[in-house]
Amino acid sequence: MAETAYFPRHLILGGAMVSGILLALAVHMLGAQIGLDLGALWRSDGKEFMPAGAAIAWWLVATAGFSGSYFVATLMHSAPSGRIQQRLRQFLIAVAVLFLAGAGQAASAPNAVPTVAGLVAGLAVLGLGAAMAFCGAYFALRKT
């Protein structure tokens, strides 16, 4: 009986983390276009406890990083054995291309946020996305 082939765990972890971070950054760029500003958390007025748009943006970025890396790690774990259906693979590739194309368009538009605040928010998103992507990939690999 043939033995089932798998990718090495470090390759799955690295690929899933990169995918989760890119997805978190894409969600950040798309969210900034519709007015979900991460930096509003630090610029809030004293009378307002926490801007809802900032809280939603943080949760969306964290969810995108975690779930994106979780699903990519799960798919990479089952990919070498051929257990992924061809239509599902094509659908996921099409969604990823369309999502990243939208993020690229959003990134090329002029930014309403000052440069330093945008840089700090981008670095915060990168850190949050990396942490959540690691957690998602780690939990997916631990499950398998």
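**Figure 1. Aspartate 37 in the loop between H1 and H2 of the predicted model.** At 21% relative accessibility, aspartate 37 counts as partly exposed, because buried means under 20% relative accessible area. Tryptophan 58 lies 21 residues away along the chain. The C-alpha atoms of aspartate 37 and tryptophan 58 are separated by 9.0 Å. Glycine 35 follows H1. The phi of glycine 35 is positive, near 100 degrees.

**Figure 2. Overview of the protein chain, with its four helices and zero strands.** From the N terminus on, the order of elements is α-α-α-α. The chain has 144 residues, and 26% of them are buried. Take the contacts with a separation of 6 or more: residues 24 or more positions apart account for 83% of these.

**Figure 3. Helix H1, residues 9-33.** H1 has 25 residues. Its first and last C-alpha atoms are 36 Å apart, close to the 36 Å expected at 1.5 Å a residue. The buried residues of H1 are Ile12, Ala16, Gly20, Ile21, Ala24, Ala26, Val27, His28 and Gly31. An α-helix has 3.6 residues a turn, so residues three or four places apart point the same way.

**Figure 4. The packing of H1 against H2.** The two axes come within 7 Å. They cross at roughly 150 degrees, and the crossing is right-handed. H1 contributes Leu11, Ile12, Gly15, Ala16, Met17, Ser19, Gly20, Leu23, Ala24, Val27 and His28 to the contact. From H2 come Leu60, Val61, Ala64, Gly65, Gly68, Ser69, Val72, Ala73, Met76 and His77. By type, the contact residues of H1 and H2 divide into 13 nonpolar, eight polar and no charged.

**Figure 5. The packing of H1 against H4, residues 115-143.** The helices pack at an angle of about 140 degrees, with their axes 8 Å apart. H1 and H4 are therefore oblique to each other, since an angle must be over 145 degrees to count as roughly antiparallel. The crossing of H1 and H4 is right-handed. On H1, the contact residues are Arg9, Ile12, Leu13, Ala16, Met17, Gly20, Ile21, Ala24, Leu25 and His28. On H4, they are Ala121, Gly122, Val125, Leu126, Gly129, Ala130, Ala133, Phe134, Ala137, Tyr138, Leu141 and Arg142. The contact of H1 with H4 comprises 16 nonpolar, four polar and two charged residues.

**Figure 6. Alanine 24 of helix H1.** At 0% relative accessibility, alanine 24 counts as buried. Neighbours within four places in sequence are left aside here. Beyond them, alanine 24 is in contact with Val61, Ala64, Gly65, Val125 and Gly129. Alanine 24 is listed in the contact of H1 with H2. It is also listed in the contact of H1 with H4. Leucine 126 is 102 residues from alanine 24 in sequence. In space, their C-alpha atoms are 7.7 Å apart.

**Figure 7. Leucine 126 of helix H4.** With a relative accessible area of 37%, leucine 126 is partly exposed. Leucine 126 touches Ile21 and Leu25, not counting residues up to four places away in sequence. Both of these partners belong to the H1 part of the contact with H4. Valine 61 is 65 residues from leucine 126 along the chain. Their C-alpha atoms are separated by 9.5 Å.

**Figure 8. Helix H2, residues 52-78.** H2 has 27 residues. The helix reaches 39 Å from its first C-alpha to its last, close to the 39 Å expected at 1.5 Å a residue. Ala54, Ala57, Val61, Ala62, Ala64, Gly65, Gly68, Ser69, Ala73, Met76, His77 and Ser78 of H2 are buried. These buried residues pack against H1 and H4.

**Figure 9. Helix H4 and the residues it buries.** The end C-alpha atoms of H4 are 41 Å apart. At 1.5 Å a residue, its 29 residues should span 42 Å, which agrees. Buried in H4 are Ala121, Val125, Gly129, Ala133, Gly136, Ala137, Ala140 and Leu141. H1 and H2 are among the elements that cover these residues.

Definitions and conventions:
Residues numbered from 1 in each chain as written. Predicted model: local features only at pLDDT ≥ 70, side-chain atom pairs only at ≥ 80, totals over all residues. Heavy atoms only, no water. Axes fitted to C-alpha atoms, helices over the stretch in contact; angles between N-to-C directions. Helix = DSSP H or I, 4+ residues; strand = E, 2+ residues; numbered from the N terminus. Parallel < 35°, antiparallel > 145°, perpendicular 65-115°, else oblique. Left-handed = near helix turned anticlockwise from the far one by under 90°. Contact = heavy atoms within 4.5 Å. Nonpolar A, V, L, I, M, F, W, Y, C, P; charged D, E, K, R; others polar. Expected span 1.5 Å × (residues − 1). Buried < 20%, exposed > 50% of the residue type's maximum accessible area, 1.4 Å probe, protein only.
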